[in-house]
Amino acid sequence: MSYFRITLMRSGIGLPQKTQGVLKALGLRKRMTTVYYPVSQSVAGQILRIKELVDVKEVSAPMTKEQMRASRRPDPGYYIEQKAGEAMWGYK
Amino acid sequence: MALLTRTARRALLETRFPLPPAFLLPLRAHITTVSHNLETDNVPEPLIRSGQHISQDLKDKVQSPPQLPSDAPPPASPASRPSPHARDSIISTTITPTIRALLPLLATQPTHYITIHIHGRPYLLTQGDTLRLPFQMPHVRPGDVLRMNRATHIGSRDYTLKAPEPVKGNADHVKKVYYLDERLFTCRARVIAVETEPVRVEEKTKRRQRHVKHVYSKMYFTVLRISELEVKGLEEYEALVGE
């Protein structure tokens with residue numbers, strides 16, 4: 001099953017209430033918000049109403065908000081090699 | 001002879017205008033409001049079609065859809081498109097000829113510097129440096145030894161080993177950040193302290209009110225010392241890669 005990945009690239013401020021209502025219905029609250037919906041006719045119709053504002057890609061699996069956050073997060077760049085006090089453990 | 005040619009020329013001129021003047025001719029054309037050009041009855045078929053001529057090339061093109069070259073990469077599957085702002089860390093492990101030639105020179109030259117990345121932020125350091133991080137590192141205590149494993153530059157006085165430049169992400173592909181292979185170097189840091197700053201007091205006031213609210217805040221910063229920085233030689237690195 002495939003999904004639409006919809007990202008709001010341009011704000012809906014100043015657009016007619018109907019257009020802003022479509023954005024609200026899709027859960028696109030502010031710019032660069034990304035939502036996933038299963039591919040269906042009704043969602044396709046909603047996307048067509050706001051096609052000038054969004055970037056749409058077809059993906060095979062949706063991502064949760066936590067997964068999107070995790071994918072943005074950079075590597076920590078370190079790991080704890082030795083805890084304090086562990087160096088003397090062998091001598092006890 | 002001259003006379004003959006003159007008569008011949010006259011004969012030619014006369015054949016060029018064989019018809020008498022138009023007003024002497026009988027009225028042959030139909031008088032009609034329909035344009036003669038639009039009547040298709042008496043126009044041959046190829047002439048009608050001449051406006052919409054379709055070349056053989058175009059016919060071939062329509063018959064066979066465009067074929068990609070056989071060595072073209074397969075189209076990206078939808079699965080390989082995660083979140084648009086995601087980042088991808090790539091650690092290059094190939095030993096290029098340049099690395100093969102210059103790594104021994106870099107490794108033998110003393111005092112190296114390194115650009116390590118902690119949570120995606122770069123810090124240019126050498127051995128013995130003290131680094132006050134702009135945050136409190138979670139789950140560490142003074143005395144812990146950290147191993148740094150993300151670096152983009154290793155350098156000495158004359159040589160620098162750089163990872164490729166990061167590629168900015170867009171709607172089609174995620175951001176790509178390139179790091180050096182962590183087996184190329186050994187960088188250890190010891191947590192030596194957790195520093196604090198003086199308490200900040202911010203005065204919050206409302207209009208037409210005598211009350212002043214004080215908001216206190218105090219930040220904690222982890223301090224690291226780079227206890228060990230070693231760059232591996234080529235043989236050592238090749239042995240590690242070969243494993």
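The structure is a predicted model, in which local features need pLDDT of at least 70 and side-chain atom pairs count only at pLDDT 80 or more, whereas totals for chains, interfaces and linings use all residues. Residues are numbered from 1 along each chain as its sequence is written, chains are lettered from A and ligands numbered from 1 in the order in which they are written, and side-chain values use heavy atoms, with hydrogens and water left out.

Chain A contains three helices and four strands, where helices (H or I, at least four residues) and strands (E, at least two) are DSSP runs numbered from the N terminus. Along the sequence these elements follow the pattern β-α-β-α-β-α-β. Of the 92 residues in chain A, 30% are buried; buried denotes under 20% relative accessible area, exposed over 50%, and partly exposed the range in between (1.4 Å probe, protein chains only). Among contacts (heavy atoms within 4.5 Å) in chain A between residues at least 6 apart in sequence, 72% join residues at least 24 apart.

At the interface, 26 residues of chain A are in contact with 33 residues of chain B. The size of an interface is often expressed as the accessible area lost when the parts come together. Here the buried area, defined as the accessible area (1.4 Å probe) that two parts lose on being put together, summed over both, is about 2500 Å², and carbon and sulfur atoms give 50% of it. Five salt bridges are counted between chain A and chain B, the criterion being a side-chain nitrogen of Lys or Arg within 4 Å of a carboxyl oxygen of Asp or Glu. One of them links B:Asp144 with A:Lys83, with the closest N and O atoms 3.9 Å apart.

On the side of chain A that touches chain B, at least two residues each come from strand 1 (3-8), strand 2 (34-38), strand 3 (54-59), helix 3 (65-72) and strand 4 (78-82). Strand 4 of chain A supplies the largest share, five residues. By class, this side of chain A has 11 nonpolar, six polar and nine charged residues; Ala, Val, Leu, Ile, Met, Phe, Trp, Tyr, Cys and Pro count as nonpolar, Asp, Glu, Lys and Arg as charged, and the others, Gly among them, as polar.

Four bridges join it to strand 5 (residues 145-148) of chain B in antiparallel orientation, and A:Tyr78 stands opposite B:Met148. Within chain B, strand 5 is joined by four bridges to strand 9 (residues 185-196), again antiparallel, with B:Leu146 opposite B:Ala189. Strand 9 is in turn joined to the antiparallel strand 12 (residues 220-231) of chain B by 11 bridges, and B:Arg190 faces B:Arg225 in this pairing.

Most residues other than glycine have a negative phi. B:His119, by contrast, has a positive phi of about 55°; this residue lies in the loop between strand 2 (113-118) and strand 3 (121-126) of chain B and is partly exposed, at 34% relative accessibility. B:His139 likewise has a positive phi, near 65°. B:His139 is located in the loop between strand 4 (130-132) and strand 5 of chain B and counts as exposed, at 69% relative accessibility.

Definitions and conventions: Two strands pair if DSSP finds at least two bridges between them.
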